[in-house]
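This report covers the salt bridges of one protein model. The sequence and structure come first, followed by selected pairs.

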Amino acid sequence: MPVLIDIASLAVCRMDGGQAALHAIPDAALAWSGGTIRWAGPAADLPAEYAGEERQSAGGRLVVPGLVDCHTHLAFGGWRADEFEQRIQGASYLDIARKGGGIASTMRHTRAASEEALAERATGFLDAMRALGVTTVEAKSGYGLTVEDELKTLRVYRRLAETQPTRIVPTLLGAHIVPPEFREDRAGYLRLLTDTIIPQAADGLARFCDVFVEDTAYSADEARTIFAAAARHGLRAKLHADQLTDTGGGALAAEVGAASADHLECISDAGIAAMAEAGVVAVSLPLATLYLNVDPLPARKLIEAGVPVAVATDFNPGSAPSFHLPLAMMLACTLQRMTPAEALKGATIVAARAIGMEDEVGSLEPGKRADFAVIDAPDVNHWLYHFRPNACVRTVIFGETVWSA
């Protein structure tokens, strides 16, 4: 039973106490066995039963729960660097989408890619994410938008879950946009999605169903139809909501009992109130805010209203082509005025709640999975203030070291 000692600060990150409550323990120790945390507390209080166990040193560093990236588009074909330049020169996200770029561009590349190629590429991304301290990743489909290509992407995630130490939480995003071949038959694609794609995805391939509610994607009424079908097959709702315009997505997320509403740069006060009452997690995606050069989601208003705010990357080839979750956390501080403690809790236990994993991961409590990262900093303030390419020196998943500097 290994015991980690010489911990300058152990960020426990229980769900209680509010967004900023890390329940940090100075001069701490952490013990685990069989992949499960057995004890966490002050080193001076380490129970006698651990006296003869193997000692490992954190070197006087910060220890945090394994980071949870609760919004990614992990498997995709191609990149969209040309759009990066177009946006710098003044083109908007909607301008690019209306000309056949954006999601439609990635759709063409993803359809052309084999399952093996997508899996190999995503494996490389996961390797790099683990080095940053990321131990759990939500992964969306949504770049295939045919029956076979959506299921192909979800099969990639099943393969990764079986072959990679990182925990993968798969989400069906068949309602990302209406594919071009159905542009004149939206109702036909909705039937394909509700009658064929959702039932097959729900058969062991996906846990959630996501819908992009936006002027260039799906209306609130179309989303209700999709979520009703998803619920019949046991898939819980998630939303891309209020990203580019106020579509009432926050209120819709509350109405359908969604696990989370993500983006929310344009959410209304009514949407915030509805989410707070329903207990919906808001997922902040500050990398997308940065790349699209738009105002960030109102994190302070959400937190003050009682809405828990998660922080994720939105890793995708267009609006957030980076999987660097610590960078997203730093941007949550600088762009959204979240404190470092709030950002860390947003990338751990709150993010775990956004994907229904809060009983297993996201905090360093006895009985939970022994997923943690050792960070070369004395505390969370210093970590996110003194930003470096990577401050993580060790990543542990289920009690096993999967990366070390």
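## Salt bridges overall

Across the whole structure, the search finds 22 salt bridges, a salt bridge being a side-chain nitrogen of Lys or Arg within 4 Å of a carboxyl oxygen of Asp or Glu. The model is predicted, so local features need pLDDT of at least 70 and side-chain atom pairs count only at pLDDT 80 or more, while totals for chains, interfaces and linings use all residues. Residues are numbered from 1 along each chain as its sequence is written, and side-chain values use heavy atoms, with hydrogens and water left out.

## E115 and R155

E115 and R155 form a salt bridge in which the closest N and O atoms are 3.0 Å apart. The pair links distant parts of the chain: E115 is in helix 4 (residues 115-131) and R155 is in helix 5 (residues 147-163), 40 residues apart. Helices are DSSP runs of H or I with at least four residues, numbered from the N terminus.

E115 counts as buried because its relative accessibility is 17%, whereas R155, at 21%, counts as partly exposed. Buried means under 20% relative accessible area, exposed over 50%, and partly exposed in between (1.4 Å probe, protein chains only). Both residues also belong to a network of salt bridges that links E115, E116, E148, R155 and R159.

## Two further pairs

K152 forms a salt bridge with D149, with 3.0 Å between the closest N and O atoms. Both lie in helix 5, 3 residues apart, or about one turn of the helix. K152 and D149 are both buried.

E360 and R369 meet through their side chains in a salt bridge of 3.1 Å, N to O. E360 is partly exposed at 30% relative accessibility, and R369 is partly exposed with a relative accessible area of 27%.

How values were computed. Helices (H or I, at least four residues) and strands (E, at least two) are DSSP runs, numbered from the N terminus.
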